[in-house]
Amino acid sequence: MKKVILLVLILLSFGNLRAQKIIYELPPKVTELLSKYLSERNDSLKKDTLALYLEKSGDLYQIDLMEFSFSRLITDTIISRTNRFVKVDDTYLPLVTEEDILFANFGERPPRKEGGAKGKVKILLIIEYFAIKFDRKGNIHE
Amino acid sequence: MVLGRTFLGKQIPIIKLVETHLILQLKIKDSMCRKLLLMIALLALTNRLIAQDYLEYAFPEKVSDEIVNYINKVTKSEPDAGFYIILNSENEEGAYKIYIGRSEKGNNSKKDFLLANTNRFVIMDSLKVPVILDEDFQFVAHGYGTRGDKIVPIRMNIVGELYFIRFNRYGKVVETGW
């Protein structure tokens with residue numbers, strides 16, 4: 001019995017070492033708009049391939065809905081590893097930030113010239129999907 | 001007269017029985033221990049694999065050099081010092097600012113939550129420094145409070161002077177200071 005308790009305690013301690021989810025709470029108006037959009041297109045959207053992209057645009061923030069399945073690089077490097085999520089209704093959508101795209105290590109490229117320094121793989125992300133622009137107080141701008 | 005029990009038709013003296021019992025018990029304990037150790041090793045290995053599942057950031061070379069220089073300078077006088085980075089995209093497009101903070105456990109439990117759970121790290125010269133994003137402060141709620149009739153999330157801000165490095169999209173360090 002003691003051994004079982006010991007084993008359970010060990011298991012729990014290992015479990016606790018894993019990083020917890022960091023949940024972002026967007027302003028209520030933003031979450032409402034996202035929720036409305038997702039429920040209206042519930043039939044055509046595959047929720048398990050959706051993520052949110054958060055970027056700063058001057059004094060404002062912009063949140064974009066993105067479908068990540070098109071890019072294996074983004075899926076493998078960011079989506080599968082991120083522990084930042086936004087809760088919209090009962091769904092936790094993975095969050096990709098502007099900093100993730102700019103600074104995540106996507107791997108190296110061979111040097112352009114012989115003996116030169118290795119290059120870094122960079123991604124240019126253009127999203128044309130559902131987007132909301134809002135300020136720090138939660139007011140919707142676009 | 002020999003005191004003992006009959007086992008497979010043979011009389012076994014008590015002392016032998018006790019020895020056998022002890023050996024059996026030791027063997028059982030030994031095999032249990034081995035199983036337990038094996039399970040711990042497997043769990044540790046699994047955990048190690050999981051723990052490696054972080055998002056690695058890579059800053060421009062000159063920015064990394066500045067970070068390493070600052071950390072090396074501090075650790076010369078305080079070898080046990082721990083560090084973290086706050087990454088901030090400035091309002092001006094293509095301008096970024098890195099703050100380097102000293103991680104002292106227990107000072108700010110809300111910041112500790114982010115430090116313990118951020119899975120963004122920058123790795124430079126065998127240093128693995130956790131990265132917190134400016135948005136973490138803006139959008140992560142650390143409990144709830146009331147403002148008038150409304151229930152509002154409690155946000156966190158870092159107060160105090162931190163060493164900063166400002167750089168642009170081309171990786172050029174524009175300014176450093178406190």
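Student: In what order do the six strands of the open sheet in chain A stand?

Tutor: Helices (H or I, at least four residues) and strands (E, at least two) are DSSP runs, numbered from the N terminus. Two strands pair if DSSP finds at least two bridges between them. In this sheet of chain A the pairing is mixed, and the order is S1-S4-S5-S2-S3-S8.

Student: Which strands of chain A stand at the edges of this sheet?

Tutor: Each edge strand has a single partner strand, so one side of each is left without a neighbour in the sheet. The edge strands of chain A are S1 (22–24) and S8 (131–134).

Student: What kind of model is this?

Tutor: Residues are numbered from 1 along each chain as its sequence is written, while chains are lettered from A and ligands numbered from 1 in the order in which they are written. Local features need pLDDT of at least 70, side-chain atom pairs count only at pLDDT 80 or more, and totals for chains, interfaces and linings use all residues, for the model is predicted.

Student: What is the mean pLDDT of chain B?

Tutor: The predictor's confidence in each residue is its pLDDT, from 0 to 100. In chain B, 66% of the residues reach 70 or more. The mean pLDDT of chain B is 78.

Student: Which residue stands opposite A:Leu54?

Tutor: Strand S2 (residues 50–57) and strand S5 (residues 91–97) of chain A run parallel and are joined by three bridges. In S5(A), the residue opposite A:Leu54 is A:Thr97.

Student: At about what angle does helix H2 of chain A run to S4(A)?

Tutor: Axes are lines fitted to C-alpha atoms, for helices over the stretch in contact, and angles run from 0 to 180 degrees between N-to-C directions. Two residues are in contact if their C-beta atoms, placed from the backbone, lie within 7 Å. Helix H2 (residues 28–40) of chain A lies across strand S3 (60–67), strand S4 (84–88) and S8 of chain A. The angle to S4(A) is about 70°.

Student: Why do the buried residues of H3(A) line one face of the helix?

Tutor: A residue is buried if 20 or more other C-beta atoms lie within 10 Å of its own, exposed if 12 or fewer, and partly exposed in between, with C-beta atoms placed from the backbone. In helix H3 (residues 72–79) of chain A, the buried residues are A:Ile74, A:Thr77 and A:Ile78. The arc is that of the directions from the helix axis to the C-beta atoms. These residues line one face because, seen down the axis of H3(A), they fall within an arc of 90°.

Student: Which strand of chain B do the buried residues of H3(A) pack against?

Tutor: On the other side of H3(A), A:Arg72 and A:Asp76 are exposed. The buried residues pack against S5 and helix H4 (98–103) of chain A, together with a strand of chain B, namely S3.

Student: In what order do the seven strands of the open sheet in chain B stand?

Tutor: The pairing in this sheet is mixed. The order in chain B is S3-S6-S7-S4-S5-S10-S11.

Student: Which strands of chain B are the edge strands?

Tutor: Each edge strand pairs on one side only. In chain B they are S3 (55–57) and S11 (173–177).

Student: Is B:Asp125 buried or exposed?

Tutor: B:Asp125 is found in the loop between S6 and S7 of chain B. Its phi is near 45°, a positive value in a residue other than glycine. With 10 other C-beta atoms within 10 Å, B:Asp125 is exposed.
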